[in-house]
Amino acid sequence: MFNFSEINEECGVFGGWCPQKNIAQYIKCGLLKLQHRGQESAGISCGNEFQKIVKNKGLVNLALENSLLKNIEGNFGIGHVRYSTFGDDRKENIQPLKVTYTGEDVSLVHNGNVAQAKKIREKFERIGEVFLSSSDSEVILKRLIFSLKKKPSLWTFEEVGKCLKENFSDGAYCILLYLPNRIMAFRDNFGYRPLMFAKCEEGYFVASEDVAFYGLNVEELTEIKPAYGVEITKEGYEIKQFAQSKNVCQCVFEQIYFASPASNIFSKNVYGTRVKLGKILFETVDKDFSADVVIPVMDSGLGCAIGYSQASNIPFHLGLIRNSWMERSFIQPNQEKRTLNVRQKFIPIKQVIENKKVVLIDDSLVRGTTSREIISMLKCCGAKEVHMRSVSPKIINTCSWGVDIPTREELVSYKKTDKEIAQQIGADSVKFLPLEKLSEVFRGDVWCKKCFKGVEDEVFLP
Ligand code: SF4
């Protein structure tokens, strides 16, 4: 699945131990199923005594071509797909990051954003330390080495956990460490990003989403709780707590937008959640509204549009086909390029749209660029009216936990009424799911919803 909305998330991680076979192909398969979490680059570190890395820019199949994987072999390994929110897309930032310390290799992959990284980097630089990349992941690795100051084969889960707790307590992270003959995985104490563990016939694996285990013979599946991690060795595995989790804060966008519909994260099936949100959206904002056709903005709008159609009895159709054969452009640095990107990514089906009153369902509205282009395409194809609906409330704030939401001023909903937003994106009307309705699906205080709130009511901030 690819997402072509305007929020980008930064990464997917996969790793583990596979005693009978070379793990590299298993990691590649896992990363392919996590491709929706990052399309800039992909990498694998694997081996036994020594760790070898293959990493490149591009989609998994290109970055990790089978001819390249022939050169790496081992039973332990970790892998990564990346979208950069912190650090740019230069080659040095591609993960896994590997260092050799006291003659032993350590590799790290990371999903999330650690706010303290900037300060720690500055401290290191003041004492003359150099960094090879601009990513916060290298800061984490360097901090671990400085704190533990001993051979990586002697690092204990408890020591690594203590170092993460003491130095990155405000961060959002899922970290996989590949040490000599061991994998360690850690999920931060707020639990912003998901982390799953699977005991399989083939070995033990850990990944951002359980969809990555599809195809393996899974015997037991466990969601790693916030402040917990797992240590995998040749002798077995152990799930352990490494910090106190006082304020769980799971990102609602993992359910609404980032994760694969096939995944089950934060104890919920993603597709089921999206269908439910679509139903609630209709029942809340459009009870007396009628139209000719419901069209999703693919891919994450799909489940929501099905739910909306089921609740409203308005026929559902794919009015926009996503062009899956196009190479994804990695960075869209300006408006003109973003516009072109949308036009290349979506192909309208005129027969579905012409002379129709269309309800267009999307997961969210961020800058409004995608919506404006899509609405313009639909109108060019003869749509009589286009009514935009979002299953997220208005996004009016940025994110400090690893999601690339632009500045407030760039957000289409910031300080604007529904009518003003409709005018800006060229829709006949725009409606959003109210926050209190979203909170009926994401109940309790374990969910982060900060980007739907202004600074004055940041009560959800940990
Ligand atoms: S601020 Fe929004 S995008 Fe960021 S973690 Fe919270 S819910 Fe997710």
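Buried means under 20% relative accessible area, exposed over 50% and partly exposed in between, with a 1.4 Å probe and protein chains only. The views show a predicted model, in which local features need pLDDT of at least 70, side-chain atom pairs count only at pLDDT 80 or more, and totals for chains, interfaces and linings use all residues. Residues are numbered from 1 along each chain as its sequence is written, and side-chain values use heavy atoms, with hydrogens and water left out.

**View 1. Leu318 sits in the loop between helix H9 (301–312) and strand S19 (320–322).** Helices (H or I, at least four residues) and strands (E, at least two) are DSSP runs, numbered from the N terminus. Leu318 counts as partly exposed because its relative accessibility is 34%. Leaving aside neighbours within four places in sequence, Leu318 is in contact (heavy atoms within 4.5 Å) with Pro296, Met298, Leu302, Ile349 and Val352. Lys268 is 50 residues from Leu318 in sequence. In space, 26 Å separate the two, C-alpha to C-alpha.

**View 2. Ser413 lies in the loop between strand S23 (403–404) and helix H13 (418–425).** At 1% relative accessibility, Ser413 is buried. Residues up to four places away in sequence are not counted here; beyond them, Ser413 touches Leu365, Lys394, Ile395, Ile396, Ile421 and Phe432.

**View 3. Two cis peptide bonds.** Most residues other than glycine have a negative phi, and most peptide bonds are trans. The bond from Gln95 to Pro96 is cis, with omega near 5°. Pro96 is placed in the loop between strand S5 (76–82) and S6. The bond from Met298 to Asp299 is also cis, with omega near 5°. Asp299 lies in the loop between strand S18 (293–296) and helix H9. Met298 is one of the contacts of Leu318 in View 1.

**View 4. Thr102 and Asn355 have positive phi values.** Thr102 has phi near 50°. The loop that holds Thr102 runs between S6 and strand S7 (104–113). Thr102 counts as partly exposed because its relative accessibility is 40%. Asn355 has phi near 60°. The loop that holds Asn355 runs between helix H11 (350–353) and strand S21 (357–362). Asn355, at 54% relative accessibility, counts as exposed.

**View 5. The second largest pocket is lined by 14 residues.** On a 1 Å grid over the protein atoms alone, a pocket is an open set of points where a 1.4 Å probe fits, with protein on both sides within 12 Å along at least five of seven lines; lining residues have an atom within 4 Å of a point. Lys98, Val99, Leu132, Glu138 and Leu141 lie nearest the centre of the pocket. Strand S6 (97–101) and helix H5 (136–148) are the elements that give two or more residues to this lining. Seven lining residues are nonpolar, two polar and five charged. Ala, Val, Leu, Ile, Met, Phe, Trp, Tyr, Cys and Pro count as nonpolar, Asp, Glu, Lys and Arg as charged, and the others, Gly among them, as polar. The pocket holds about 290 Å³ of space, where a volume is the space filled by probe spheres set on grid points joined across faces, edges and corners.

**View 6. The shell around the ligand.** Tyr192, Arg193, Cys251, Val252, Phe253, Cys399, Val403, Cys448, Lys450 and Cys451 surround the ligand. Each has a heavy atom within 4 Å of the ligand. Eight of the shell residues are nonpolar, none is polar and two are charged.
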